[in-house]
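New notebook page, new structure. I'm going to look up a few spots and jot down what turns up.

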Amino acid sequence: MNLVSWGMYPIVKNHQTTLRDEEELKEYMQNTSEFIPFGNGRSYGDSALNDEILYTKKYNNFISFDEDKGLLTCRAGVLLSEILDSFVPRGWFLKVTPGTKLITIGGAIASDIHGKNHHIEGCFSECIKEFKIMQADGEIKTVKKATNLFYATCGGMGLTGVILEATISLKKINSQFINQTTIKTKNLQETFDAFEEHKDLPYSVAWIDCLAKDENIGKCLLMVGDFADDGDLDYKSKSKLNIPFNLPSFALNNLSVKAFNWLYYAKAPDGVSTQKVGIDTFFYPLDSIKNWNRIYGKNGFTQYQFILPKETSYEGLYEILTKISDSGKGSFLAVLKLYGKSNKNYLSFPIEGYSLALDFKIEDGLFELLDELDKVVVKHNGRIYLTKDVRVSKETFEAGYPMIEKFREFRKKNNMSEKFNSLQSKRLNI
Amino acid sequence: MSFVLIIGAKSDMAKETARVYAKNGYNLYLGARNAKELENFKTDIEVRTSVHVELLEFDITAYDTHQKIYDGLKEKPLGVIVVSGYMVEQKLAQKDWDESLQTINVNYTGAVSILNIVANDFEKERRGFIVGVSSVAGDRGRKANYIYGSAKAAFSAYLGGLRNRLYESGVSVLTVKPGFVDTKMTQGLDLPEKLTAQPEDVALDIFNAQQKGRNILYTKSIWLLVMLIIKHIPEFIFKKLSI
Ligand SMILES: Cc1cc2nc3c(=O)[nH]c(=O)nc-3n(C[C@H](O)[C@H](O)[C@H](O)COP(=O)(O)OP(=O)(O)OC[C@H]3O[C@@H](n4cnc5c(N)ncnc54)[C@H](O)[C@@H]3O)c2cc1C
């Protein structure tokens, strides 16, 4: 069976086994020399791919909900969208959510995902009370906060075992709407200033126009907001548009990207404006188009996401945006975000500073450009987000993650290094 | 809110169907053999929604228990969905009479037994809906699975007749004909992706078709076309084919 992740690159011919119960998994664990768990394939690159994958999405029972404490226990294959469907109408929301609700709990833990509120709430691991994981020997462990297995597994990209269940705390809300403020800026300095000015608001994200040149570099639409308080919880998730086949690659030439960015930017009123928008519009704008990844054509695409420490953010971002703008390689999406403090997990991505995420169609010359960008990232003490990556070099990766040795040792000591591997972990010797 | 009775509730398709009906506010009776094994799933639905779920010990081939079980329901269901299915490899069924008989009984005889009872009740009450999950395999006998297929063909014919009979009483009958579905039953088979449905999509299709009062549902819908072609191949050619 051919399998891809969200970037549709690479295409891997592999064998899949569906996770259905613990006993079966124990047997599978004994009989399978090497595999990687695969959630909903929303990671862009090769972190959930290998010749043998364990498909976890069907392992998706809800187990309990403690109404007083807002604690939900469910199996690892549950999608965040399923949690929203059930709990938003009852006044609960995820403490931390990425820009898509179509990911599994297992994937959320393994990538230690973050959302628009990282500067306030941190990563997904913050809202985990405990989780269960099956290790290489078939033993199931209940993992609590502040343990080595917790630090290794959150952000550990499925390389420490199969996450089976998790107990997470939800956040109380009193509306299905967000009061959003949109700020239109003219350049990178204005963008940074706007982020700082609004950093007390829980949610913030900026869309950057990557093709802007010279004095316009870094111009953006910054969206900030918080939940409204109007008692309206009548949430129904939106139905989807479908892109039924891969678009021909000319669909995404430089011009159409320009048009898209311009439309987005031009639609917004100058300066500061406010809107009241729904959860799906605010948090998951791309989910409303099913299979939007097909827009990049059959060769697929990748997302380049890096983060720089605050001290070097401005300089580094300016340099990288200039290089991208000069290269003329368009990114449909460029998302800039302010991050709060890092946590203790060995391989979690966030550090205090700014991160930029851009999509690139796979084409000749792209990886050379990204290697160039890597140099700038390394020079400024930054790092690349593994869950988006498909091509980074071992050197660049290691330079960004000083805890990697600790992680490797931990894997060795616990017999994880042989059993759990993805194409990515083999590429980078994680 | 009303109850829906789902027979054969342990299959992936039945479970996803149960989730869709629960999400839309229906209480559930889940009938299956060793129904206790559905405890976790009952909890799943009760955490997801606020509907009431009851497990029923139900063996579709224990015909003489059906009336009693149905009469014992404290509130009669508004709808009944029969999802039970039994499929073994054709070669095995050919050789082993017990397997053939089991295939016929689960897919056909048992379904008739329980639906006769339900139909009499719904007809009297002049309300309700019936959904029978048959199969595209029943549309034409093929050497690859005609024992299963013929049982499903009989079930489809039964549902057609039932629809005709109950029309006057305002009771709707939906015949569901899934093509390939990615479930436990088909695990390990290399199914063509474009023709293979996920059980959660089938469930949603069933719910929507039933709510609209439709008669026959092919899911994925492409199977309507596929079977139209297959049904129209002349027999003198068809008998030579391996499809
Ligand atoms: C439109 C879009 C927006 C996004 N926005 C954000 C964002 O804002 N912030 C962010 O942090 N990420 C974001 N992402 C990335 C996404 O959240 C992560 O890649 C996430 O891990 C995907 O989860 P998944 O269930 O699809 O897992 P997969 O992609 O299938 O797997 C991802 C990793 O999780 C591991 N894994 C999955 N299940 C298990 C399990 N049960 N046990 C052990 N390991 C497991 C896999 O082995 C793999 O290493 C976005 C992705 C998309 C497509």
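I looked for A:Met1 and found it in the segment before strand S1 (2–3) of chain A. One thing to keep in mind: this is a predicted model.

**A charged patch**

Next I went looking for charges on the surface. A:Asp21, A:Glu23, A:Glu24 and A:Glu27 form a negative surface patch. I picked A:Glu27 for another look: it belongs to helix H1 (residues 22–31) of chain A. A:Glu27 has a relative accessible area of 52%, so it counts as exposed.

**The sheet**

Then I turned to the strands. In chain A I found an open sheet of 8 strands, paired antiparallel, in the order S16-S12-S14-S13-S19-S20-S18-S21. Which strands stand at the edges? They are S16 (272–278) and S21 (383–384) of chain A; each has a single partner strand, so one side of each has no neighbour in the sheet.

Strand S18 (residues 301–309) of chain A is joined to S21(A) by 2 bridges, and the two run antiparallel. Across that pairing, A:Phe306 stands opposite A:Ile384 in S21(A). A reminder to myself: strands in a sheet pair through backbone hydrogen bonds.

Notes: Residues numbered from 1 in each chain as written. Chains lettered and ligands numbered in written order. Predicted model: local features only at pLDDT ≥ 70, side-chain atom pairs only at ≥ 80, totals over all residues. Heavy atoms only, no water. Patch = residues over 30% accessible without salt bridge, like charges linked within 9 Å, V, L, I, M, F, W, Y side chains within 5 Å. Areas by Shrake-Rupley, 256 points an atom, 1.4 Å probe, with all protein chains shown as cover. Salt bridge = Lys/Arg side-chain N within 4 Å of Asp/Glu carboxyl O. Lys, Arg positive; Asp, Glu negative; His and termini not counted. Charge placed at Lys NZ, Arg CZ, Asp CG, Glu CD. Helix = DSSP H or I, 4+ residues; strand = E, 2+ residues; numbered from the N terminus. Buried < 20%, exposed > 50% of the residue type's maximum accessible area, 1.4 Å probe, protein only. Pairing = 2+ DSSP bridges.
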